[in-house]
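Please look over the structure below before reading my points. They are meant for someone new to such models.

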Amino acid sequence: MTPPSTADRTGAAPPDDVADGAHPVVARARPSRVGGRPVRPGRGRSADAGDPGGTETQRRVREGAGQLAVAAMRRLDADLEWYRALPAEDRSWVNLVAQAGITAFVTWFADPTRPPHGVGEIFAAAPPELTRSISLQHTLQLVRVVVDVVETHSDRLAAPGAERELREAVLRYSREVAFSAAEVYARAAEVRGGWDARLEALVVDALVRGDADDALRSRVAAIGWSGRGATLVVVGTTTAHLDEVRVADLRRATRRAADDALVGILGDRLVVFLGGEGDLRAAAMTLLPRFGPGPVVIGPAAPGLVESTASARAALAGLQAAAGWDQVPRPVLADDLLPERVLVGDADARRALVERAFTPLAASQGSLLETLSAYLGAGRSLEAAARSLYVHPNTVRYRLRRVADVTGWDPLDARESYVLQTALAVGRLDAARG
């Protein structure tokens, strides 16, 4: 191609004997657009793309791609602490992504009529797991560093007079890449969120059914449960219209309440596992508004998530039996519902009452079991029990205090005396079947 004259490059009119569109420069120097705004001939992308200056810039950028990649790697290592802290394998993937971004820019710069490559294409060479190693913020920092490197070298890469055009192209390309990065990470988060939700549902279902096998342990590790501290199970009803948005909000609330958290929705029941070294009961109290109407039951604390299957069973049985206690508090401990759980056929509750109340009293000295039975049989009257036992009422009162020390339930309290009465009945029935 014959180099255009100075008048041609500055946009001067062609000779009168050359028709419009026939001149090799003017025909390609019509108004175009850069970054969404019009550009007059002689300025910006369109003019340089049609003259040897634009072709020369493209050639220089193409030949300087390797130099840009090396400079970008140096800047990443010098400026980004998170990059230096990455494992060697992840660093190599990040380097590959940066080089792919520079290569994609060079390709697009040679043909700006095509849409810019997005992060989807740039990340194609890297494994999907890389989005877990580097965050969206890190990716944008990566883009910023690469853009800065290209801008720094623009004076040397661009042909004389085309420096501004190259910088504008870099800024336009970096904007497209940034928007694409947000889209890639949003899709990755959506996919990861859906997978995590399904895995979480499998873990909760296994814990409720008591399937504590090796597969459960591997799934627990996969969902990121740290395993520090104890585990508490909280069970209640779900709120009405619990759609995906409300479920996601509930999961965020549980993760703010405790170090570890799992959420399971079993029909109209909501099961929450809380873990950590803090006050888990206090954490459960903050979640009460997230449950639907009716009782909320807290199971016994367990040393770990895998060991919390018994706690989950107790809490679910307590939720079923809570209707038998008209004054049931919210929340209520599953162990405070032992009599009602016995009535609905909970074998764990039956065994707990016998082991914690009947057996210790039967083995104790001082006629504690006989005194408790007389007191309950006399309508919870100290004087009537004393007459039936031929002892002073103070003796009955002393023995009942001993009953409270041995069992943890106070016979002088109306609710706790009902628990003890149920324990005596269950213990005698088991002994009779003996």
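This is a predicted model: local features need pLDDT of at least 70, side-chain atom pairs count only at pLDDT 80 or more; totals for chains, interfaces and linings use all residues.

1. Residues are numbered from 1 along each chain as its sequence is written, and side-chain values use heavy atoms, with hydrogens and water left out.

2. Helices here are DSSP runs (H or I, at least four residues), numbered from the N terminus. The axes of helix H17 (residues 347-363) and helix H21 (residues 414-433) come within 8 Å and cross at roughly 90°. H17 and H21 are therefore roughly perpendicular to each other (65 to 115 degrees; axes are lines fitted to C-alpha atoms over the stretch in contact, and angles run from 0 to 180 degrees between N-to-C directions). The contact (heavy atoms within 4.5 Å) includes Leu353 and Phe358 of H17 and Leu420 and Arg433 of H21.

3. In helix H19 (residues 382-389), Leu382, Ala385, Ala386 and Leu389 are buried (under 20% relative accessible area, 1.4 Å probe, protein chains only). Their directions from the helix axis, taken to the C-beta atoms, fall within an arc of 100°, so they line one face of H19. These buried residues pack against helix H18 (368-377) and helix H20 (393-407). Just after H19, Tyr390 has a positive phi of about 60°.

4. Leu207 belongs to helix H11 (residues 163-209). Buried or exposed, what does Leu207 count as? Leu207 counts as buried, because its relative accessibility is 0%. Beyond neighbours within four places in sequence, the contacts of Leu207 include Leu216, Phe273 and Ala312. The C-alpha atoms of Leu207 and Ala310 are 8.7 Å apart, although 103 residues separate them along the chain.

How values were computed. Helices (H or I, at least four residues) and strands (E, at least two) are DSSP runs, numbered from the N terminus. Angles under 35 degrees count as roughly parallel, over 145 as roughly antiparallel, 65 to 115 as roughly perpendicular and the rest as oblique. Buried means under 20% relative accessible area, exposed over 50%, partly exposed in between (1.4 Å probe, protein chains only).
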